[in-house]
Amino acid sequence: MSPAELPRAEQVLGRADLFRDLARDDVRDVLAIGRARPLDAGQYLFLLGDNADEFFVVLAGRLDLCLPITLHGTVKDVRVESVGVGQALGWSALVRPYRFTLSARATEPSEVIAFARVDLQDLFESEPAIRFAFLTRVSEVVGTRLVTFQALWVRELQRAVESEARRTVGETAEGPG
Amino acid sequence: MEGVLVFVLVLGFVFSGLTLALLLGYRSAEEARAARAAQRPARVVHVDAIPSFFAKADAALPAEMREFDEALLARIESHIREEQALVSEFVEYPSVHSLYRRAPHELRAH
């Protein structure tokens, strides 16, 4: 990032969950490898299935994380999560197979800081303390997503089971004739 | 005395040779594995290439049907938001009770 952008980024990221265990100097080290990227409203940052080479933190604005759903043969993006200032997205860049599993779209004019995986890996090599703190927080983000989707999925499954049970009871009550 | 010295030297030479052979073998196996990984074609799936039931857009869709789709999409997103709010307690305090909290609205297509 350019020196002019650093103070604002430092202020935002200093309060972000992802960086809360890092010392001020460590935050600066991480920011030094970041690149600011502006986004227009409606612009996609990445698409599901794209190569995930960068990890992002929202510096300004808001982005929707979307999954495709088909309606009458048209693929629509359905918002499943919304991330705002200080929140991270794109953890697929840190774990194999390095492909995005959702699409990300700016809902308003926004700005993110992009961290290239190769740069992060180099930093982690030289600064194990940053690696530990950073990856611990990323694990929380991944874990929360996993548990949330697990719960959402099992609730839908439970609904399907109850719906099927109601249908079977209805058919039995109506009888063969 | 000289015999022992020669024996130790020969033993050292044999041991060094074996160690070197093992190291070189391991390295060449790792290099071969890396080369195989590099040759493997990358598989990237884009949204517009999602197969089968994710069919192409039907340009002839009537306007009222498009409005219906937009309304349905809004209801799906609203449903997801409500569900996420409900499961957020499960994420913090997992239990059967917090998992199956009843939703205020059910998602129905009609």
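Visitor: Why does A:Val138 count as partly exposed in this predicted model?

Guide: A:Val138 has 17 C-beta neighbours inside 10 Å. Buried would take 20 or more, and exposed 12 or fewer, so A:Val138 counts as partly exposed.

Visitor: Where is A:Val138 found, and which residues is A:Val138 in contact with, leaving aside its neighbours within four places in sequence?

Guide: A:Val138 belongs to helix H4 of chain A, residues 128–174. With those neighbours set aside, its contacts are A:Trp91 and A:Leu94. A:Leu94 is 44 residues away in sequence, with a C-alpha to C-alpha distance of 9.0 Å.

Visitor: What makes strands E2 and E5 of chain A stand at the edges?

Guide: The open sheet has four strands in the order E2-E7-E4-E5 (chain A), paired antiparallel. Strand E2 (44–46) and strand E5 (74–83) each have a single partner strand, so one side of each has no neighbour in the sheet. From one strand to the next the twist averages 40°.

Visitor: How do you know that E2(A) and strand E7 of chain A pair?

Guide: Pairing needs at least two bridges. E2(A) and E7(A), residues 103–106, have two bridges in the antiparallel sense, so they pair. A:Tyr44 stands opposite A:Arg105 in E7(A). Helix H2 of chain B, residues 63–92, packs on the sheet and touches E4 and E5 of chain A.

Visitor: Which residues have the most contacts inside the largest nonpolar core?

Guide: Of its 35 residues, they are A:Leu45, A:Phe56, A:Val57 and A:Val112. Strand E3 of chain A, residues 54–60, supplies the largest share, five residues. A:Val112 touches residues including A:Leu45, A:Phe56 and A:Val57.

Methods. Residues are numbered from 1 along each chain as its sequence is written. Chains are lettered from A and ligands numbered from 1 in the order in which they are written. This is a predicted model: local features need pLDDT of at least 70, side-chain atom pairs count only at pLDDT 80 or more; totals for chains, interfaces and linings use all residues. A nonpolar core is a set of buried Ala, Val, Leu, Ile, Met, Phe, Trp, Tyr and Cys residues joined through C-beta atoms within 7 Å. Two residues are in contact if their C-beta atoms, placed from the backbone, lie within 7 Å. Axes are lines fitted to C-alpha atoms, for helices over the stretch in contact, and angles run from 0 to 180 degrees between N-to-C directions.
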